[in-house]
Amino acid sequence: MLPRRWISIAASVVCLTAFSIWLILQLSQGDLDRGDKLASVVSMSVAVVTLPLSVFAIVVALRQNQPPRAVLTLADRLDEMAEALAISVRSQWETEEQIRRIHDPFPLPIRWTTAPEHLMDHWWTIHGSSDRKHSGG
């Protein structure tokens, strides 16, 4: 983000310089020819400062393999935001799964008692053997 900082600083200096010259022109009651020449010099200095800054910003964007921001359409920006939101939500759900141990279940402790005889089915129907001791289970 260092190039953006330098671009902001340079733009601020250019604006401050242009404002200062405008103020001087307003305060001085010089003739129009002199004001015209001064305005030409100011506009040329602004162009000299901003053109290299624009070229520098484009070169930096190309080196980072990113298109300049002016080229991105609204749909592209919305796609980027949707992708960032999807990544954020996926990360949040994965964290929640880890906290709740969804993929690492453990057996629940239960107490077991047999039901009364009149509620149970025949042993042969359940296990295929009439002998409860050798039921294979």
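Modeller: Helices (H or I, at least four residues) and strands (E, at least two) are DSSP runs, numbered from the N terminus. Just after helix 3, R101 takes a positive phi of about 55°. This is a predicted model, in which local features need pLDDT of at least 70, side-chain atom pairs count only at pLDDT 80 or more, and totals for chains, interfaces and linings use all residues. Residues are numbered from 1 along each chain as its sequence is written, and side-chain values use heavy atoms, with hydrogens and water left out.

Biologist: Why is R101 called partly exposed?

Modeller: Buried means under 20% relative accessible area, exposed over 50%, and partly exposed in between (1.4 Å probe, protein chains only). R101 has 43%, so it counts as partly exposed.

Biologist: How many helices and strands does the protein have?

Modeller: There are four helices and zero strands. From the N terminus on, the order is α-α-α-α.

Biologist: How do you know that the length of helix 3 agrees with its number of residues?

Modeller: The expected span is 1.5 Å times one less than the number of residues. For the 27 residues of helix 3 that gives 39 Å, and the end C-alpha atoms are 39 Å apart, so the two agree.

Biologist: Why is the contact of R100 with E96 called a salt bridge?

Modeller: The term needs a side-chain nitrogen of Lys or Arg within 4 Å of a carboxyl oxygen of Asp or Glu. In R100 and E96 the closest N and O atoms are 2.5 Å apart, and the pair forms a salt bridge. By this rule the count comes to one. Both residues lie in helix 3 (residues 74-100), four residues apart, about one turn of the helix.

Biologist: What makes F106, L108, I110 and W112 a patch?

Modeller: A patch takes residues with over 30% relative accessible area and no salt bridge; like charges are joined within 9 Å, nonpolar side chains (Val, Leu, Ile, Met, Phe, Trp, Tyr) within 5 Å. These four form a nonpolar patch on the surface, with about 600 Å² of accessible area together. L108, one of them, lies in the loop between helix 3 and helix 4 (123-127). At 66% relative accessible area, L108 is exposed.

Biologist: What share of the protein is buried?

Modeller: Buried residues make up 6% of the 137 residues.

Note on methods
Accessible areas come from the Shrake-Rupley method with a 1.4 Å probe; for residues, only the protein chains shown count as cover.
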